[in-house]
Amino acid sequence: MKQLLFFLLLLPSTCVSVKRRDASQSHHASGLKKANSCACQVNYTMWMFPAGKYQAVQGQVETCEGSLKNLQEQVEFSSQRLPHIQAQVENFTARLEPFSYLHLRGLYTALSLRGLGEELSQLETDIGVLHSQLNNTQTQKLSKEVDQLHNEVNKMQTSDTFNIKTVKEKLRYLKNNVESCKSIPRDFRGEHRHCLRSLIANISSPLTTKINPYGKSYIAGSWGKQAKMNITVEDSDFSGEADEDDLSESTKDGLTEEKKYYWVQPLLSNNIWGNVLRIFETYKDFMASVNYKDFTIASSYTDRNAIEGPSAVLYGDALYYHCYRSADICRFHLKTNTVKRVTLPGSGVGFNNKFPYCYYDCQVNSDVDVEADETGLWAIYATVSNHGNLVVSRLYWDSNAETLNVTQTWETRLFKKAVSNAFLVCGVMYATRYVDDYHEEVFYAFDTATGKEDNTLAQPLEKVAKGVASLSYNPTDRQIYMYNDGYLLAYQAYF
């Protein structure tokens with residue numbers, strides 16, 4: 001104030017012009033010069049501090065600070081969620097790739113696509129909320145990606161599900177019914193009382209655990225017990241001599257006397273091909289690895305009659321297996337060393353590792369699997385015409401014509417590469433899947449007598465190593481035999 005008065009004293013007497021600091025207003029005052037001084041009246045109210053406006057502005061600033069704080073919290077929260085949502089999108093993208101592959105070939109499962117579509121809808125909603133908060137290039141990219149994924153899933157669901165797929169499914173069902181009616185006796189299950197009890201009720205822990213006689217390094221192959229029922233000693237005596245000590249008494253199903261031959265067939269070349277078979281006359285000899293006889297199936301691993309994949313089964317006096325790099329099943333007669341073969345039906349039968357057992361890890365060249373049960377011999381494989389899904393064919397050896405034949409074929413809806421292994425019991429095909437390094441699970445059954453399937457099973461199957469090369473049921477003792485990364489395991493099946 002003193003400085004202002006001093007300034008006014010220095011002004012001329014005619015007029016004083018005082019301006020506010022912000023130069024927005026001016027004030028003029030007339031003054032009189034008296035005794036070398038200038039006297040005037042000045043209105044100081046124009047320089048009063050605008051407290052009201054200041055408070056209003058301060059309130060606005062506080063409101064803005066609160067809004068900015070809330071927005072900052074939302075941004076921080078959204079930034080924390082963004083990597084998680086991005087990982088979800090990448091996961092969905094990876095999960096959709098197999099369906100895209102299957103869609104191009106008509107292999108997808110409608111239920112799986114529907115579930116994926118529902119998850120994508122929820123993710124689409126979450127990304128929409130996030131995009132409204134952040135609205136940056138990353139959220140825009142995520143929105144576009146999830147929209148594209150959703151459109152692809154919708155296209156897969158609508159383009160085939162309600163027309164071609166329905167027709168194909170109805171056709172498959174009718175074809176299977178025709179096959180079931182062909183030649184399997186309606187009362188075949190009455191011949192084996194346990195088959196009347198429907199599906200397997202339980203599977204025991206391993207009753208036998210042994211390293212195969214060729215060594216643990218041979219991780220692939222097949223093994224078991226001679227699987228043909230009602231076989232006499234004369235029919236099963238491969239050495240030409242019958243030992244009365246090895247005869248077994250009749251069993252619950254009224255079996256005739258039979259020799260309990262046990263056999264091992266390893267894949268000695270790259271765990272893919274083999275040409276030898278070892279047979280033990282008794283279980284005791286098998287466990288001790290003594291008193292055995294070796295058979296040479298083919299002259300080399302690349303011979304057309306060599307064994308490909310862990311596919312063999314000893315049935316009567318012959319070994320049945322998948323022939324080297326072909327769509328054929330071979331029959332090696334142990335007494336005459338002769339080979340007969342038959343080509344499996346279907347367009348594009350998978351072999352040479354086209355449709356192996358997989359689920360977790362693929363079992364190399366396990367495209368064709370030969371099995372035996374109470375009804376006879378079977379082949380399990382996949383075809384291009386059935387979109388890589390499992391196909392089951394019944395085999396029959398005509399002893400009069402000395403020919404191997406395929407009498408019936410069923411097509412399933414189970415993708416072969418989604419299965420770790422399979423076997424048949426009482427005309428029902430069971431499929432397994434990997435659980436962990438020490439457990440498998442029987443999760444699927446297909447009944448060839450009715451054409452019906454059941455994918456609600458959950459029968460545990462213990463193992464001692466990760467890989468399952470082969471899995472076979474034997475109707476003579478109702479045991480399941482597993483070749484498990486070089487270990488030989490046997491289980492009891494209960495009905």
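Predicted model: local features only at pLDDT ≥ 70, side-chain atom pairs only at ≥ 80, totals over all residues.
Local features need pLDDT of at least 70 and side-chain atom pairs count only at pLDDT 80 or more, while totals for chains, interfaces and linings use all residues. Residues are numbered from 1 along each chain as its sequence is written, and side-chain values use heavy atoms, without hydrogens and water.

The largest nonpolar core holds 27 residues. A core here joins buried Ala, Val, Leu, Ile, Met, Phe, Trp, Tyr and Cys residues through side-chain atoms within 4.5 Å; buried means under 20% relative accessible area, exposed over 50%, and partly exposed in between (1.4 Å probe, protein chains only). Trp223, Leu277, Ile279, Leu319 and Tyr321 touch the most other members. Strands (DSSP E runs of at least two residues, numbered from the N terminus) that each supply at least two core residues include S7 (262–266), S9 (276–280) and S27 (487–494). A second, separate core has 21 residues, among them Ile200 and Tyr491.

Beyond four places in sequence, the contacts of Trp223 (heavy atoms within 4.5 Å) include Tyr262, Phe286, Tyr481 and Leu489.

Most residues other than glycine have a negative phi. Asn352 lies in the loop between strands S15 (339–343) and S16 (369–373). Asn352 is partly exposed, at 38% relative accessible area. Arg478 sits in the loop between S25 (470–474) and S26. Arg478 is buried, at 15%.

Note on methods: Helix = DSSP H or I, 4+ residues; strand = E, 2+ residues; numbered from the N terminus.
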